[in-house]
Amino acid sequence: MSSVASNNSLDANSEGIMLSARQLFCERDDRVLFQNLDFDLAEGQVLQVQGSNGSGKTTLLRILCGLNDSYAGSIRWYGQEIEEQAAAFFASLLYIGHRVGVSKVLSPIENLRWSCSLKQAVNEDQIMSALKEVGLRGFEESPCYTLSAGQQQRVSLARLLISPAKLWVLDEPFTTLDTKGVAQLESILQDQAKAGGSVMVTTHHQLTIPQLSLLSLG
Amino acid sequence: MSEKQTTTSAAFLATLKRDLLIAFKKKNDVVNPFMFFIIVVSLFPIGISPESDRLTEIAAGVIWISVLLASMLSMDNLYRADFEDGSLEQLLLSPHPLFFLVLAKNISHWLVSGLPVVLVSPLLAYMLALPEEAYLTLVLSLLLGTPIMSLVGSIAVALTVGLGSRGLILAVITLPMSVPVLIFGTLAVQSTLNSQSPLGYLSLMLVMLSVSVSLAPLASAAALKISVN
């Protein structure tokens, strides 16, 4: 039902394997989304999840993050089941979903102050420079409801620049970005992979990242 | 990549600060339930009787019921916006115990919805001709009772936040759980009026508050996980 086609061939040994899923099965409304799904995510790898609309890409990502528990199978984080070490797993995880987690009444800077401090200590300089880098200079103090959808997406992407998380799980991060934003995000993903972090991303966009592997659903 | 993970207390404070900031920026959500409370209470002297004897009798009950209804009105703000914009998912994915983060949200909710009601209650008690000696008991009972309502209501809101149209379901879940608070709160004031000590009732409310503080956030956290699933 599903297949893994990897550009970078991965050795069978578990050295450097960050996240591994075995025999994943998920069913929604009596429809099997995926079954017998196996894959490994190694350090420095970018895994793009592909599939048609409704094939369960978002569900898969939410399952991996622990937001959805209606699945069968095993998900291991460095060889250990994620439920057994939830706090350590959450500390190294950064998830940005369809709903990007940006409060509309708060300004970008206030949003980042909170969402980052849930994980790690940040200072104002880091937040300011991240916002500047994603092109939100001059909008730091504006309430987010005055920003466009793409700009709100950029607020959430600023978290990528601040976050030391080893695993990024991104659900359609490219949708509302302009061409420049797309190129910038690609290079951010590449930097993460170079630094030994991993990315799991769903997008219909053609990524040009050397560390890229593909996982096809449905 | 060397930033340190925050301590739980820092995450707690950040969440508290954020929610207070949101309340400050969305004043309508805070002011509406408060105005509702004042309007409902002020309707009673007009609708029933302006005679102070009659009002004295019903004063405690009227204030307590209005507090309960106003808290129903304000509860919905607790998780709804966070659910819709995805902040709730971020909260759930924090490495810190969800108990404390939910508690921070509950405390912030009480500070902006419960505390103003407690502070204004002596004024309304005066309007309802409640004898002066009962003011302190009323304020104390509200001070103990309103946080219980916030904490208990939070469970119901967390359970229903994922539902599209909730209608009355929030009230159906919350009100039965709030009835004991209502009973003890009004009894405490009544016993002061009958020149008895209200301490028994107040200490029962204190017990209820301690139990809610220690257990309700756990239930809310579990309910949030179900709602986001």
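Colleague: What makes S2(A) and S3(A) a pair, and in which sense do they run?

Modeller: In this predicted model, strand S2 (residues 17–28) and S3 of chain A are joined over 8 bridges, in the antiparallel sense. Two strands pair if there are at least two bridges between them, so S2(A) and S3(A) count as paired. A:Glu27, for example, stands opposite A:Val32 in S3(A).

Colleague: Why are S3 and S6 of chain A said to stand at the edges?

Modeller: The open sheet has 4 strands in the order S3-S2-S5-S6 (chain A), with antiparallel pairing. Strand S3 (31–42) and strand S6 (80–81) each have a single partner strand, so one side of each is without a neighbour in the sheet.

Colleague: Which strands does helix H1 of chain A touch?

Modeller: Helix H1 (residues 57–65) of chain A packs on the sheet, touching S2, S3 and strand S5 (72–77). The direction of H1(A) makes about 125° with that of S2(A).

Colleague: How do you know that the span of helix H3 of chain B agrees with its number of residues?

Modeller: H3(B) covers residues 52–75, and at 1.5 Å a residue its 24 residues should span 34 Å. The end C-alpha atoms are 33 Å apart, which agrees. H3(B) also has a kink of about 50°, centred on B:Ile58.

Colleague: Which helix gives the most to the side of chain B that touches chain A?

Modeller: The contact takes 28 residues from chain B and 31 residues from chain A. Helices H1 (8–25), H4 (80–85) and H5 (87–92) of chain B each supply at least two residues of that side of chain B, and H1(B) gives the most, with 8 residues. By class, this side of chain B has 12 nonpolar, 8 polar and 8 charged residues.

Methods. Residues numbered from 1 in each chain as written. Chains lettered and ligands numbered in written order. Predicted model: local features only at pLDDT ≥ 70, side-chain atom pairs only at ≥ 80, totals over all residues. Contact = placed C-beta atoms within 7 Å. Nonpolar A, V, L, I, M, F, W, Y, C, P; charged D, E, K, R; others polar. Expected span 1.5 Å × (residues − 1). Bend = angle between axes of the 7 residues up to and from the residue. Axes fitted to C-alpha atoms, helices over the stretch in contact; angles between N-to-C directions.
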